[in-house]
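I opened this model to look up a few helices, strands and cores. My notes follow in the order in which I made them.

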Amino acid sequence: MKIHIKTFGCTANRADSHKIMQLLASEGHVFIDNPDLADLVVVNTCTVTQTTQQKVLKYINLLSDLGKDIVVAGCLPAAQPDTLAGIDCPSVTPASLDDITDIVSSNIVGSNIIGSNIVDSNGITAPALYNVPILEGVTGIVSISQGCVGQCSYCIVKQARGKLVSRPVPDIVDEIRLLVRRGAREIQLTSQDTSAYGMDMGVKLPELLRDVTAVEGDYMIRIGMMNPFTVIDIIDDVIESFKDTHIFKFLHIPIQSGSDRVLQHMNRKHTSEEFKYIIDTFRNNFPGMVISTDFIVGYPTETEQDFIDTLELLKEIRPQKVNITRYSPRPNTPSSQLRDLPSWKKKERSRKLTEVHHTINRELLRKRIGDTTHLLTTEVGKDNSTIGRDIYYNNIVVKEDLPLGNWYDVKITGSTITYLIGETRKHPKGAFLSGKTI
């Protein structure tokens with residue numbers, strides 16, 4: 001059977017889509033990029049905001065109207081199964097992904113496919129085996145846990161992903177080792193809260209990082225989002241882990257609001273001062289580190305002064321990457337019982353915050369022009385360009401068609417609001433291991 005997978009949402013969802021591909025490849029199915037030519041479309045859904053949910057449902061309804069066979073996976077059937085009541089299709093949740101093989105098999109009549117096949121980006125099938133990790137170019141995504149230990153008042157993801165369940169360290173190490181053997185040069189560790197890893201089984205994130213960075217090979221690790229209240233108690237050990245040359249000096253730590261009053265209403269379990277302490281501690285150890293954070297604007301209890309506090313925090317910490325979301329009430333969450341703010345007010349606050357972020361980022365990136373850095377090529381860009389990352393995880397576009405997975409010396413020649421532009425100084429000679437020539 002020819003299958004197309006459409007993935008909405010976060011890196012964790014992409015990891016789940018990879019697992020779905022592994023499971024179905026083991027049953028002999030083929031994956032294609034064109035949903036029009038597929039016998040079955042698996043839609044891996046997201047329901048984190050109302051806007052995303054509407055996009056997901058629109059896509060599912062379109063497939064249904066076209067008469068496509070569909071399997072719905074992900075957070076939507078887990079947290080809001082009622083939204084799929086009018087659509088005739090089976091579903092699996094993040095906790096029941098293994099069931100997808102039985103669901104798909106029960107919809108195949110007279111299938112005599114033998115062997116295991118998976119399709120690459122060029123549409124060419126090749127042998128695949130169950131438990132062989134999936135690569136996106138030279139990038140592998142590794143899920144280290146499901147669920148979280150928080151109880152944020154606005155978040156529906158807890159309903160979909162549940163309580164924290166961490167994977168055993170040896171399983172994660174084995175998966176990374178297989179990915180590196182297959183040619184992975186970037187490994188993305190993902191979960192709902194990376195710094196909560198192991199809290200359910202007496203292990204801490206630094207212990208995991210010690211073992212995964214011991215894997216031999218030329219690769220870099222991007223550590224996923226860490227929440228302030230789970231990282232602050234282990235910050236010294238986490239910083240020691242970040243000193244390993246295999247780890248990108250990149251920190252994604254969401255604040256959500258600059259107002260302690262709003263943070264308390266959100267049940268975030270940290271203060272703005274604790275957040276700033278974490279940022280300062282990392283920056284003191286890794287000058288030049290790229291900081292990414294998230295803000296929710298227009299939370300029901302957010303006053304004008306609360307929003308001003310958020311603006312001031314953004315100006316103070318000057319993160320390079322910012323995800324700004326307008327609050328939307330999610331079903332069965334505590335904050336959904338509160339009176340929502342007008343849409344125009346949320347839109348206006350989002351616009352103001354975005355303008356400040358763009359001003360900051362433009363200044364930060366312009367300062368890099370003229371620098372020379374080491375670049376790991378990780379993605380194919382547009383118009384024969386190549387996208388890569390330096391050790392700080394800066395997004396750098398080189399207007400050359402370069403092989404992926406190699407290190408280059410690059411001079412920064414320009415910048416935009418969101419990325420740097422570079423030119424190669426020379427092609428790699430010999431090995432270049434995790435940011436150090438050998």
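Entry 1, a helix. I began with helix H12, residues 304-317, in what is a predicted model. H12 has 14 residues, and I read 20 Å from its first C-alpha to its last, close to the 20 Å expected at 1.5 Å a residue. I then looked up which residues of H12 are buried: they are Asp306, Phe307, Thr310, Leu311, Leu313, Leu314 and Ile317. Seen down the axis of H12, these buried residues fall within an arc of 160 degrees, so they line one face of the helix.

Next I asked what the buried residues of H12 pack against.

I looked up the largest nonpolar core and found 51 residues in it. Ile176, Ile187, Met226, Phe242 and Phe282 have the most contacts inside this core. Helix H6, residues 169-181, gives the most to the core, with 6 residues.

I picked Phe282 and listed its contacts, leaving aside neighbours within four places in sequence. Phe282 touches Met226, Ile235, Val238, Ile239, Phe242, Leu251 and Met289.

In what order do the 4 strands of the open sheet lie? I read E2-E1-E3-E4, with parallel pairing. The edge strands are E2 (30-31) and E4 (69-74), each of which pairs on one side only. I found 6 bridges joining E3, residues 40-45, to E4, and the two run parallel. One bridge I checked has Asn44 with Ala73 in E4 as its partner.

I then looked for helices on this sheet. Helix H1, residues 11-25, packs on the sheet and touches E1 (2-7), E2, E3 and E4. The direction of H1 makes about 170 degrees with that of E1. Helix H2, residues 50-65, lies across E1, E3 and E4, and runs at about 170 degrees to E3.

Entry 4, a hairpin. I looked up strands E17 (residues 386-389) and E18 (residues 395-398), which run antiparallel and are joined by 4 bridges. Gly388 has Ile396 in E18 as its bridge partner. E17 and E18 form a hairpin with 5 residues between them. In the turn I noted Tyr393, with a positive phi of about 70 degrees.

Technical notes. Residues numbered from 1 in each chain as written. Predicted model: local features only at pLDDT ≥ 70, side-chain atom pairs only at ≥ 80, totals over all residues. Heavy atoms only, no water. Expected span 1.5 Å × (residues − 1). Buried < 20%, exposed > 50% of the residue type's maximum accessible area, 1.4 Å probe, protein only. Arc of directions from axis to C-beta. Contact = heavy atoms within 4.5 Å. Core = buried A, V, L, I, M, F, W, Y, C linked by side-chain atoms within 4.5 Å. Pairing = 2+ DSSP bridges. Axes fitted to C-alpha atoms, helices over the stretch in contact; angles between N-to-C directions.
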